[in-house]
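The stops below go from backbone to side chains.

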Amino acid sequence: MAENCSDSHQETFDKPKVELHVHLDGAIRLGTILDIAERRGIELQAKTEEELKKLCSLDAPATLTEFLSKFEPYMRVIAGDREAIKRIAYEFVETKSKEKVVYVEVRYSPHLLANSSVQPIHWNQKEGDLTPDEVVRLVNEGLKDGERDFNIKARSILCCMRHMPNWSMDIVELCKKYQEDGVVAIDLAGDESLNCKADSGHRMAYEEAVRSGVHRTVHAGEVGPPSVVREAVEVLKAERIGHGYHTIEDEALYKQLLEDNMHFEVCPVSSRLTGACDPDFTKHPVIRFKKDKANYSLNTDDPLILNSTLHTDYWTAQHYMGFTEEEFKRLNINSAKSCFLPEKEKRQLLNLLYEAYGMVEKTGF
């Protein structure tokens, strides 16, 4: 296992990066959680950042279900609070700017942060007046303020949850409403090990997304079998796959996705701690992706839970998976080409990367 190199002074890839798979509620600062808990008078089982880190972070391989349980201790501090939601979005952009990310797509479930117009209300919150719609507006405001202050472009993806199919039509409607105001796509997240097959509610939402020109990504093949990836592509019409490691167990499917230039949102450190992949990084599926010149990105997923930064994933890829600077450049160019920005903004992003990497634009991947 890679040491936690998040505090290392020497970056593995000290150039502009693109990140496409990171969860807002899994990327909150420990100090912020403590601050907000104190302001709101919410008791935590931790008084210091170090104690809170032990409560919220994984330090050894677990299951995806155990991984997701780590959100429980702190989400009740953030959810339902307008100031907190806007703050975490703003601070997220600042954090990414320090990691030299020039474009990021951050995802979250508005319903999990709301306490009104949502059933059931999560995190033992009482009924309030913060709707999923207002959550999206607050996150958009925080991201925009961060863009202004930190010279980075940030967009959001709204998540349907596998265990809550009744929320999914709300999600696609919010995607449509805020399509010109910062929201670039819909996602399907949650515990794939418990809900392998997409419910009809999810399918209907994705059909509406296709009709409405809303971009689509799906968590699939993280811990689930290749059939979940096939469903994501063939039924839900996903344009990108979140994780997708187990795709390589179905050679025909994998070959087809390579030919289709499907983008895989890879999160190396996360995949070890969620039990998605062999704990030995030298056996990680992304090594196969690299060898086959697949289209993929490197991402943090949930850095709070993983006690990591984007640098941790790059360091891991370099030290255990044989990644070179040329491969880091290639995957970031691919990430930019596969992002959900409008074509004009995508071209601007690509030009920024080509210039920073000292590359003449090349066609293809």
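The tour covers backbone geometry, then aromatic rings, then charges over rings.

This is a predicted model, with residues numbered from 1 along each chain as its sequence is written. Local features need pLDDT of at least 70, side-chain atom pairs count only at pLDDT 80 or more, totals for chains, interfaces and linings use all residues, and side-chain values use heavy atoms, with hydrogens and water left out.

**Backbone**

Select Q119 and P120: the peptide bond joining them is cis, with omega about -10°. P120 is in the loop between α6 (110–113) and α7 (132–150); helices are DSSP runs of H or I of at least four residues, strands runs of E of at least two, numbered from the N terminus.

Next, select K237, in the loop between α10 (226–234) and β6 (240–243). K237 is not a glycine, yet its phi is positive, about 60°.

Then go to D301, between β8 (295–298) and α14 (303–306), where phi is near 70°. D301 is buried, at 2% relative accessible area, while K237 is partly exposed at 43% (buried is under 20%, exposed over 50%, partly exposed in between; 1.4 Å probe, protein chains only).

**Rings**

Rings of Phe, Tyr and Trp (its six-membered ring) pair if their centres lie within 6.5 Å; planes under 30 degrees apart are stacked, over 60 edge-to-face, the rest tilted. The count is 14 aromatic pairs. Select F67 and F71: with centres 6.4 Å apart and planes at 75°, the pair is edge-to-face. Both residues are buried.

**Charges over rings**

Finish at R240, which lies over the face of F340, 3.9 Å from the ring centre (the rule: NZ of Lys or CZ of Arg within 6 Å of the ring centre and within 35 degrees of the ring normal).
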